[in-house]
Amino acid sequence: MNPYILATLLFGLGLGTTITFASSHWLLAWMGLEMNTLAIIPLMTQHHHPRAVEATIKYFLTQATAAAMLLFASTTNAWLTGQWDIQQMSHPLPVTMITLALALKIGLAPTHSWLPEVLQGLDLTTGLILSTWQKLAPFALLLQIQPTNSTILIILGLTSTLVGGWGGLNQTQLRKILAYSSIAHLGWMILVLQFSPSLTLLTLLTYLIMTFSTFLVFKLNKSTNINALATSWAKAPALTSLAPLVLLSLGGLPPLTGFMPKWLILQELTKQDLAPTATLAALTALLSLYFYLRLSYAMTLTISPNNLAGTTPWRLPSSQLTLPLAISTVATLLLLPLTPAAMALLTL
């Protein structure tokens, strides 16, 4: 892609998110979301492949539907209450509609079906943008409206953690596994949104770091399915030994960074007298942990002299930047000791 066009598209992507962040009026927030969607569509179709075009059309239709729902709900709110301000959402009907529209935008279950299919059709770099940057603007709106209907949030959260764990069990494609992982993590964030928005923000930040690291590991190895992982030891032995730890951090195992948000969320849910919800969420985390362990097994325990299912790649030196990968991997593995500092920040 022409660097000038790429720079323009990335600028549009950043501008759309910034407009949504800075807006206090629903019309401006909607404009930001639309700019965001329109900027990423050419990035998704840059590889002229039928699968990429199909994924782009699916993504465009989903996002257009969610944006139309959002606009309709904000207009309904203005009609019922006379307010266009994001933080003046008082009527339960538009609040519920906007919550569902934003759930469709970020891919929360039960409106999640588009996400694995879309992610599977993209290359790893665009998939990384879709899994991280594209979640920021809708989450900014969710944090601002503070949905009052607690039941719908808990149902969305539990359904997402369950679907995210269950859906990834039988997958062999890494991008689909990462899509289901995204659904499960978003479920955890939504569960605690009404009780502790700052904890939701911390979980989102941790998720962004871990997902960034995972995508970069797969990108460096040029792996898109489990079989390709089995040959990664030949290309990058040090990275192959660290990658299972990154995956287990995504699964939420101590003493890795991914344990921190799950621990704090379970603690917060228990404080709110929601022990059954916390128990269910913890059990669904085991489902996710299983497929992360599958990937770890494929990377570390299926090396030579076993028969490799994948073809052995050429050991060419990589031309990719490894500094972002190094920083994000260290953050993914070693931030758990900062939990007291995070808790102190949450209580401010």
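Author: Happy to! One definition to start with: buried means under 20% relative accessible area, exposed means over 50%, and partly exposed is in between. Keep in mind that this is a predicted model.

Reader: Which lysines does glutamate 117 meet in salt bridges?

Author: One is lysine 58, at 3.8 Å from N to O. That pair links distant parts of the chain, with glutamate 117 in helix H5 (residues 114-120) and lysine 58 in helix H3, 59 residues apart. Glutamate 117 also meets lysine 176, at 3.3 Å from N to O. Here helix H5 holds the glutamate and helix H9 (residues 174-192) holds lysine 176, so this pair ties together parts that are 59 residues apart in sequence.

Reader: Nice. Is lysine 176 buried or exposed?

Author: Lysine 176 is buried, because its relative accessibility is 17% and the cut-off for buried is under 20%.

Reader: Back to lysine 58: what about its salt bridge with glutamate 54, how far apart are the closest N and O atoms?

Author: They are 2.9 Å apart. Glutamate 54 and lysine 58 both sit in helix H3 (residues 50-81), and because they are 4 residues apart there, about one helical turn separates them. As for accessibility, glutamate 54 is partly exposed at 36%, and lysine 58 is partly exposed at 27%.

Reader: Which residues are linked in the network of salt bridges?

Author: The network links Arg51, Glu54, Lys58, Glu117 and Lys176.

Reader: Changing topic: what pLDDT does the chain average?

Author: The average is 87, and 95% of the residues score at least 70.

Reader: Which elements have the lowest and the highest mean pLDDT?

Author: Helix H12 (residues 232-235) has the lowest, at 74, while helix H2 (residues 26-44) has the highest, at 93.

Key: Residues numbered from 1 in each chain as written. Predicted model: local features only at pLDDT ≥ 70, side-chain atom pairs only at ≥ 80, totals over all residues. Heavy atoms only, no water. Salt bridge = Lys/Arg side-chain N within 4 Å of Asp/Glu carboxyl O. Helix = DSSP H or I, 4+ residues; strand = E, 2+ residues; numbered from the N terminus. Buried < 20%, exposed > 50% of the residue type's maximum accessible area, 1.4 Å probe, protein only. pLDDT = per-residue confidence, 0-100.
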